[in-house]
Amino acid sequence: MTVTSPAGATPGLAARPPGPALPRLLPPGGRPGGLAGHLAALGPLPYRGGPGRLIADVAESGLTGRGGAAFPVARKLAAVAAGRRPVVVGNGAESEPLSGKDAALLRAAPHLVLDGLQLAAEAVGARRAILAVHPGGYAGGTLTGALAQRQAAGLDRVPVELAEATDGFLAGQETALVSALNGGLGRPAFTPPRVSDRGVGGHPTLVQNVETLCHLALIARYGAAWFRSVGTGTEPGSMLATVWQADGRAAVTEAALGTPLGQLLDLRGPVQAVLVGGYHGTWLPAGQAAGLALSNASLHPAGAAAGAGVLAALPAGRCGLAETARVARYLALASSGQCGPCLNGLPRIAAGLAELAGTRPRPTVIHDLERWSGLTSGRGACHHPDGTVRFVRSALVTFAAETAAHAAGRCSAPGAAPFLLVPAEQTPAPGGRR
Amino acid sequence: MSADTALWYASRATGVVCLLLMTVVVLLGVLVTRQGRLPGLPRFAVTGLHRNLSLLAVLFLVVHVVTAILDPFVTIGWVATVVPLASPYRPVWIGLGAVALDLMAALVLTSLARARIGRRAWRAVHWLAYALWPLSLAHSLGSSGDLRSGPLLWLSAACAAAVAAALSVRLLAAAQAVPPAGRAAAELARHEAAARRPVTLAPRGPVARQEDLLARRQSVLGGEEASPGRHALAASTGVAREAGR
């Protein structure tokens with residue numbers, strides 16, 4: 001397939017991309033008019049008339065998964081398209097407490113998500129499409145209405161099933177989501193088999209974050225060159241970021257890959273550190289973060305990753321250790337309790353960190369934390385232990401001064417109110433054994 | 001000891017050894033679970049022991065059955081070894097042995113074909129092992145008077161007591177087991193209790209503050225209750241427009 005120009009003379013592409021370069025996904029003030037308004041603004045849904053045809057465009061665009069892992073979408077599409085009777089799953093489970101972008105998309109641009117789901121289903125030849133959303137129902141009303149409109153217009157070629165993901169930090173993990181959709185316990189599974197080989201109902205399954213689907217729907221309309229017109233050469237396009245400012249304000253914002261973090265976060269005020277990538281992410285000192293950009297090329301050398309685009313600034317006057325300890329406790333409780341390293345490691349690390357965040361911790365605790373971290377990472381069915389250990393280790397580095405203060409019996413912010421959002425503790429579901 | 005009594009003794013002895021082996025196999029199967037271990041033995045060794053002792057029991061069972069048929073002291077007949085109630089001699093008690101033999105055959109065949117039939121089907125059939133053991137014990141006690149008195153009675157009583165004890169330990173453990181979803185919480189509580197220092201900055205915010213945080217997330221998500229001005233979706237539009245090139 002030839003590279004298409006943004007001007008769009010190629011058949012199948014809409015005549016002209018609307019408006020300025022950004023935002024692409026979430027128009028300011030929303031897009032009124034439901035399905036009609038959506039199609040009027042963006043152009044018709046450009047079905048390609050058969051499986052596989054969109055994949056070359058997606059490969060050309062360089063689109064990667066926006067759920068956090070940044071896996072090349074075209075490779076996933078090609079892998080699933082090669083299988084028998086594939087299934088497509090739009091992943092809007094968004095189980096990261098600090099992320100709000102998927103919910104924002106489902107609420108403000110449901111038709112863009114559903115366009116992407118249809119196009120992905122066509123690209124892999126799927127007859128079944130599922131849209132999984134965070135439990136709690138804040139997206140359900142919008143989505144059932146949107147689906148009804150599309151059905152009335154005869155737009156969808158594959159019927160879309162709405163499903164609620166389970167609650168909990170690991171619910172959005174690919175294998176856990178597929179397990180829940182299959183009627184299982186919703187726990188991460190060992191791979192192989194990958195879900196692209198054996199997923200929902202045992203069929204090859206494409207699981208894509210809802211934001212990824214939105215980008216897909218726009219690439220199908222305006223082409224790969226248009227998509228690459230923002231972002232960097234190696235990481236093209238834009239991504240949604242959920243940005244938590246030090247003053248407590250929070251916003252979902254769209255930014256080109258490569259945008260300096262200082263443009264997204266207000267780092268001029270009294271900010272001591274920045275959490276990049278959510279609770280599986282990395283703490284960075286504010287000064288270091290100010291010199292970095294929202295791209296893996298910039299963040300990887302600092303030990304961080306763009307992930308699902310969560311950025312949080314920790315203001316001065318808070319104890320970074322206490323914040324980290326609260327989150328580590330939440331993450332330890334989020335373990336599904338099936339792998340030894342996670343079940344034995346994370347509670348130990350969380351308890352050690354709580355001691356470290358308290359007054360006069362034993363001097364051995366910090367060494368224990370390092371040792372346990374080394375023993376815990378790189379093992380288990382999913383990346384929960386790895387992500388948690390990355391988060392904890394980065395805190396020990398970034399808040400080294402605070403650690404020294406605690407060892408001497410001082411805390412820079414004793415009794416400060418919690419800053420980072422940690423969901424309320426949940427009692428384990430009864431009948432968890434199977 | 002004539003040729004005839006040799007057969008008689010062989011049949012009785014192999015029968016007793018077979019019962020002992022089956023008892024050990026049942027004990028291993030009952031006690032060794034995913035979490036439970038035998039001290040000093042890794043799990044794969046226990047599984048191997050379970051499997052090899054079972055095969056040894058099969059061997060003894062074959063000798064036991066063949067010698068019992070060949071023994072001219074009583075008439076049983078080849079058919080009665082697999083068909084219950086077909087034996088002219090003590091049809092009920094020999095019949096129990098026949099059922100046990102059939103079950104044993106089913107267990108061996110499904111175990112050999114485990115990779116082919118799948119774990120679930122194999123496991124379903126393997127539950128029959130729990131019926132096999134009491135059948136064998138009843139067959140031993142009923143078929144002849146030897147086990148009903150003296151040291152052999154004590155032996156069979158000891159087997160029964162061991163299996164009963166193992167079963168109660170296993171059932172008790174199952175009743176007290178923490179479901180996977182609660183395991184991390186149990187572990188965390190254990191470690192927090194074990195920390196010598198009081199955890200003064202216990203990572204639990206006051207409830208009111210927690211609700212405030214949840215409200216903040218709700219405002220990010222764009223819920224109806226979002227306060228005007230903090231509604232985020234429209235707030236930042238062109239952030240990276242100039243930066244993205």
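Colleague: At what angle do the axes of helix 13 and helix 16 of chain A cross?

Modeller: Helix 13 (residues 320-333) and helix 16 (residues 384-398) of chain A cross at roughly 170°, and their axes come within 10 Å. Axes are lines fitted to C-alpha atoms, for helices over the stretch in contact, and angles run from 0 to 180 degrees between N-to-C directions. Helices (H or I, at least four residues) and strands (E, at least two) are DSSP runs, numbered from the N terminus. First, the ground rules. This is a predicted model, where local features need pLDDT of at least 70, side-chain atom pairs count only at pLDDT 80 or more, and totals for chains, interfaces and linings use all residues. Residues are numbered from 1 along each chain as its sequence is written, while chains are lettered from A and ligands numbered from 1 in the order in which they are written.

Colleague: What makes helix 13 of chain A roughly antiparallel to helix 16 of chain A?

Modeller: The crossing angle is roughly 170°. Angles under 35 degrees count as roughly parallel, over 145 as roughly antiparallel, 65 to 115 as roughly perpendicular and the rest as oblique. Therefore helix 13 of chain A is roughly antiparallel to helix 16 of chain A.

Colleague: Which residues make the contact?

Modeller: Helix 13 of chain A brings A:Gly320, A:Leu321, A:Thr324, A:Ala328 and A:Leu331. Helix 16 of chain A brings A:Thr388, A:Val392, A:Ala395 and A:Thr398. Contact requires C-beta atoms, placed from the backbone, within 7 Å. By class, the contact has five nonpolar, four polar and no charged residues. Ala, Val, Leu, Ile, Met, Phe, Trp, Tyr, Cys and Pro count as nonpolar, Asp, Glu, Lys and Arg as charged, and the others, Gly among them, as polar.

Colleague: Why is A:Ser295 called buried?

Modeller: A:Ser295 counts as buried because it has 21 C-beta neighbours inside 10 Å. The cut-off is 20 or more other C-beta atoms within 10 Å for buried, 12 or fewer for exposed, and partly exposed in between, with C-beta atoms placed from the backbone. A:Ser295 sits in the loop between helix 11 (286-290) and helix 12 (296-299) of chain A. Beyond neighbours within four places in sequence, its contacts are A:Thr232, A:Glu235, A:Leu257, A:Gly258 and A:Ala306.

Colleague: How do you know that strand 1 and strand 2 of chain A pair?

Modeller: Strand 1 (residues 87-92) and strand 2 of chain A share six bridges, in the parallel sense. Two strands pair if DSSP finds at least two bridges between them. A:Val88 stands opposite A:Ala129 in strand 2 of chain A. Strand 2 of chain A also pairs with strand 3 (residues 160-164) of chain A, over five bridges. Five of the six residues of strand 2 (residues 128-133) of chain A are buried.

Colleague: Why are strand 3 and strand 4 of chain A at the edges?

Modeller: The open sheet has the order 3-2-1-4 (chain A) and parallel pairing. Strand 3 and strand 4 (205-209) of chain A each have a single partner strand, so one side of each is left without a neighbour in the sheet. Five bridges join strand 1 of chain A to strand 4 of chain A.

Methods:
Two residues are in contact if their C-beta atoms, placed from the backbone, lie within 7 Å.
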